[in-house]
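Below is a briefing on one protein chain, arranged by topic. Please look over the sequence and the structure before reading on.

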Amino acid sequence: MFNKFGLWKKPANSSTLRDKIEEIKKSPIPEHVAIIMDGNGRWAKKRALPRIAGHHEGMKVVRKTTMLANNLGIKALTLYAFSTENWKRPKNEVEYIMKLPEEFLGTFLPELIENNVQVKMMGYKDQLPSHTLYAIERAVEETKNNTGLVLNFALNYGSRSEILDAVKQIINDSKNGILMETELNEQVFSSYLMSSNFQDPDLLIRTSGEIRLSNFMLWQLAYSEFWFTEVLWPDFNEEYFLEAIEVYQKRQRRFGGI
């Protein structure tokens, strides 16, 4: 059953990375890739390290994955960095995760700018620490004119809350005469979501062997292709990412048709 969904333990390594990238570019590339970056804590536990060590190692993978996605010509990369449910984790772990945007962007922002990457964020900003929000907003401002890959962090994001908020806003706009009931369709509803500036993901990747969405982009992933791997996020390298793209390119996307 797992192979049906694209669950792979090892990527193919029959060619060099450069050759594989060039070969993949000959076929259609997904425009929007979303990733549930899972397994940082388990990666650390396997090595008798604190969980925060896994998050730090995972940050390095974000950089490599972003650069490869940009190289491939992917237009948007959405990374599930922190969910609305993750506040339940131990306080010291949450505090460390909230420092990662500062560390990541403080280190790699010049590289993102040089490579024409635009930083975006979707999620509930009011709960974020001021230092976290400042780092994100600074990166968004300094990359707003870039025209390459959009690196979209889903930070303090929860899809059910997002959908409920959209419904509430639609009801409010309807009451105020801004939106007529007859105008409401899927496209209009999507415009009320946090992802309104993006097309729906073509491909969803989830690491660590878990096979669920975990309250991530429930509306937007309706017709996305899914690819799951047992590899923990800190071990997710360029070969695995390219394998996911190759599997995507072999899929037939019928969107309910024949």
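Asparagine 215 counts as buried because its relative accessibility is 14%; buried means under 20% relative accessible area, exposed over 50%, and partly exposed in between (1.4 Å probe, protein chains only). This is a predicted model, in which local features need pLDDT of at least 70 and side-chain atom pairs count only at pLDDT 80 or more, while totals for chains, interfaces and linings use all residues. Residues are numbered from 1 along each chain as its sequence is written, and side-chain values use heavy atoms, with hydrogens and water left out.

**Positive phi angles**

- Asparagine 215 is not a glycine, yet its phi is positive, at about 60°.
- The loop between strand S5 (203-206) and strand S6 (225-228) holds asparagine 215.
- Alanine 48 is another residue other than glycine with a positive phi, here near 55°.
- Alanine 48 sits in the loop between helix H3 (40-46) and helix H4 (51-72), and it counts as exposed because its relative accessibility is 72%.

**The chain as a whole**

- The chain has nine helices and six strands; helices (H or I, at least four residues) and strands (E, at least two) are DSSP runs, numbered from the N terminus.
- For 258 residues a compact globule would have a radius of gyration near 18 Å, and the 19 Å of the chain agrees with that. The radius is taken over C-alpha atoms, and the globule rule is 2.2 Å times the number of residues to the power 0.38.
- The C-alpha trace spans about 60 × 50 × 40 Å along its principal axes.
- Of the 258 residues in the chain, 47% are buried.
- Among contacts with a separation of 6 or more, 80% are between residues 24 or more positions apart; contact means heavy atoms within 4.5 Å.
- The chain exposes about 13,700 Å², and carbon and sulfur atoms supply 50% of this. Accessible areas come from the Shrake-Rupley method with a 1.4 Å probe; for residues, only the protein chains shown count as cover.

**Helix H7**

- H7 (residues 159-175) has 17 residues and reaches 24 Å from its first C-alpha to its last, close to the expected 24 Å. The expected span is 1.5 Å times one less than the number of residues in the helix.
- The buried residues in H7 are Ser159, Glu162, Ala166, Ile170 and Asp173. They cover an arc of only 75° around the axis, so they lie on the same side of H7; the arc is that of the directions from the helix axis to the C-beta atoms.
- An α-helix has 3.6 residues a turn, so residues three or four places apart point the same way.
- Arg160, Leu164, Lys168 and Lys175 are exposed on the other side of H7.
- Cover for the buried residues of H7 includes strand S4 (150-157) and helix H8 (186-190).

**Helix H6**

- H6 (residues 130-142) has 13 residues, and its first and last C-alpha atoms are 18 Å apart, close to the expected 18 Å.
- Thr132, Leu133, Ala135, Ile136 and Ala139 are buried in H6. Their arc around the axis is only 160°, which puts them on the same side of H6.
- Ser130 and Tyr134 are exposed, on the face of H6 turned away from its buried side.
- Helix H5 (91-114), strand S3 (118-122) and S4 are included in what covers the buried residues of H6.

**Glutamate 225**

- Glutamate 225 is in strand S6 and counts as buried because its relative accessibility is 14%.
- Its side chain makes a polar contact with the side chain of arginine 251 (2.8 Å). A polar contact is a pair of N or O atoms within 3.5 Å; within protein, one must be able to donate a hydrogen and the other to accept it, and residues adjacent in sequence count only if both atoms are side-chain atoms.
- Leaving out residues up to four places away in sequence, glutamate 225 touches Asp202, Leu203, Leu204, Tyr248, Arg251, Gln252 and Arg253.

**Isoleucine 211 and distances**

- Isoleucine 211 lies in the loop between S5 and S6, and at 36% relative accessibility it counts as partly exposed.
- Isoleucine 211 and serine 195 are 16 residues apart in sequence and 23 Å apart in space, C-alpha to C-alpha.
- Glutamate 23 and isoleucine 211 are 188 residues apart in sequence and 29 Å apart in space, C-alpha to C-alpha.
- Glutamate 23 belongs to helix H2 (residues 17-24) and counts as partly exposed at 47% relative accessibility.
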